[in-house]
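This report covers cavities, a pocket, sheets and a chain interface. Have the model open while reading.

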Amino acid sequence: MARILDALRDIRPEQDFAASINWIDDGLLDSFDIMMLVSALDKAYGISIAGTDIVPENFKSLEVIGALLRKHGAEP
Amino acid sequence: MKFTFRGKRVAGMLTVLPSNERTFLEDMKAFDFPEAKSMKLKTVMGFDRHRLATPETCVSDLSVFGIRYLIDRGVLQAESIDALVLVTQSPDYLMPATSNIIQGRLGLKNDVFCLDINQGCAGFLVGLMQAFLLLEQESIRQVVVINADVLSHRVSPKDKNSYPLAGDAACITIVERSADGEMIHANLKMDGSRHEALMIPAGGFRLPSTVETAELRDVGDNNWRALDHLTMNGTAVFNFVQTEVPPMIESLLRDAGLSSGDIDYFMFHQPNRFMLEKLADRMGIAHERMPNNVVEHFGNGSGATIPTNVTFNLGAQLRDQSLRLCFAGFGVGLTWASMVMNVGPLAVCDTIDYTSEGVAA
């Protein structure tokens with residue numbers, strides 16, 4: 001999970017991700033943040049997250065992103 | 001909806017780009033957005049520079065310039081043009097049709113079929129399909145398809161979701177009958193129930209432009225735009241493309257009896273690099289076989305993007321040889337379409353600059 005948090009801090013350093021349980025509803029990530037996060041995670045884990053999985057609900061929390069990475073064969 | 005055509009060919013292609021270029025670094029200054037974040041956006045989306053028509057340059061200016069270029073070089077004969085099919089979302093006027101204006105400015109014969117089609121990102125394929133259908137008529141032997149837009153005039157410079165990818169262009173494709181019996185396969189789908197994902201809300205008869213519709217509003221995510229401006233639901237459009245395009249291409253290739261390996265290049269519409277790379281990954285296609293550099297160099301010219309992709313990336317090859325190309329366009333409407341056909345050798349496959357003085361660079 002450390003690499004996910006590193007990527008998040010790099011994209012939105014001003015946000016306190018630990019203080020929210022739904023980063024989308026609480027406005028911590030917007031659509032461009034998600035694309036940048038996907039690009040960073042693809043590189044960090046050597047995968048290509050499927051375009052059909054790039055929907056806001058798959059990026060609402062650390063646990064959900066972890067599950068998405070596992071779906072693509074990566075261990076977060 | 002599936003289509004097959006026989007005995008038709010593309011004889012030549014030309015892209016006309018406004019010479020006015022703006023860089024993403026210049027765009028950034030207008031955004032209410034941290035510079036470091038803008039630079040990340042630049043890398044991931046492939047934004048770098050784009051061509052924007054000056055405010056006084058309209059679709060007919062770019063189109064007439066391109067057709068004159070072809071006539072002057074003997075690639076086109078004015079008297080041989082039997083139909084002008086203009087695909088645009090930014091006509092010179094609400095009426096008359098801009099294709100009529102182009103015909104008049106060029107002094108073409110009166111025996112010509114002029115048609116404007118309001119289509120965008122899939123407009124190259126819609127235009128080709130219309131040209132092929134017209135060529136079924138005995139009296140029509142040559143059709144000039146024009147994909148042209150100056151939509152940057154209707155994109156807010158304070159909208160970082162849309163402005164960096166805006167680009168203006170006119171592409172001219174000469175379509176003729178062919179003696180060879182090669183089958184061209186195509187398909188087309190539309191879903192008007194999702195039309196709000198990509199639209200210009202004001203300026204038509206439903207919501208005429210007023211002082212109020214011209215007023216910039218805070219639309220969230222640090223973006224400002226007016227109802228007169230193009231608006232795009234990026235998440236909805238992205239998911240539409242990722243969901244609908246791969247099965248469309250699978251179906252097209254299956255109908256044509258081809259596999260992915262039989263295609264030389266996948267020449268797709270290019271909203272941004274990220275979207276194209278994700279499509280290529282999903283379809284198992286090497287990124288080199290699906291060029292994604294048009295937005296980076298010129299911006300997204302809507303219906304002009306696919307032919308710009310062809311003239312810019314394959315121009316040298318197509319002047320000398322034939323390539324089997326798979327085209328796909330997807331966007332406003334919503335509309336998505338694809339076509340597989342052999343293209344080349346072409347009499348012309350060039351990318352030139354427009355200048356108001358009428359001299360092509």
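## Cavities

The second largest cavity has a volume of about 40 Å³. This is a predicted model, where local features need pLDDT of at least 70, side-chain atom pairs count only at pLDDT 80 or more, and totals for chains, interfaces and linings use all residues. Residues are numbered from 1 along each chain as its sequence is written, chains are lettered from A and ligands numbered from 1 in the order in which they are written, and side-chain values use heavy atoms, with hydrogens and water left out. A cavity is a set of points on a 1 Å grid over the protein atoms alone where a 1.4 Å probe fits but cannot get out; lining residues have an atom within 4 Å of a point. Grid points are joined across faces, edges and corners, and a volume is the space filled by probe spheres set on the points.

The lining of the second largest cavity includes B:Leu17, B:Asp168, B:Val294, B:Phe298 and B:Thr305. Helices α8 (294-298) and α9 (305-320) of chain B each supply at least two of its lining residues. By class, this lining divides into 5 nonpolar, 5 polar and 1 charged. Here Ala, Val, Leu, Ile, Met, Phe, Trp, Tyr, Cys and Pro count as nonpolar, Asp, Glu, Lys and Arg as charged, and the others, Gly among them, as polar.

In total, the structure holds 2 cavities of 30 Å³ or more.

## Largest pocket

A pocket is an open set of grid points with protein on both sides within 12 Å along at least five of seven lines. The largest pocket has a volume of about 1200 Å³. It is lined by 47 residues, and B:Gln89, B:Ser90, B:Asn118, B:Leu151 and B:Ile200 are the closest to its centre. The lining has 25 nonpolar, 19 polar and 3 charged residues.

Helices (H or I, at least four residues) and strands (E, at least two) are DSSP runs, numbered from the N terminus. Two strands pair if DSSP finds at least two bridges between them. An open sheet of 6 strands runs β6-β5-β7-β8-β2-β17 in chain B, with mixed pairing. Strands β6 (113-117) and β17 (349-354) of chain B are at the edges with a single partner strand each, so one side of each lacks a neighbour in the sheet. Strand β5 (residues 83-87) of chain B pairs with β6(B) in the parallel sense over 5 bridges. There, B:Ala83 stands opposite B:Phe113.

A further open sheet has 5 strands in the order β1-β9-β16-β15-β14 (chain B), again with mixed pairing. Strands β9 (residues 183-190) and β16 (residues 335-343) of chain B run antiparallel, joined by 6 bridges. B:Lys189 stands opposite B:Trp336 in β16(B).

## Chain interface

Contact means heavy atoms within 4.5 Å. By that criterion, 17 residues of chain B touch 19 residues of chain A. Buried area is the accessible area (1.4 Å probe) that two parts lose on being put together, summed over both. Between chain B and chain A it is about 1700 Å², with carbon and sulfur atoms giving 66%. B:Lys37, B:Lys40 and B:Lys278 lose the most area in chain B, together 30% of what that side buries.
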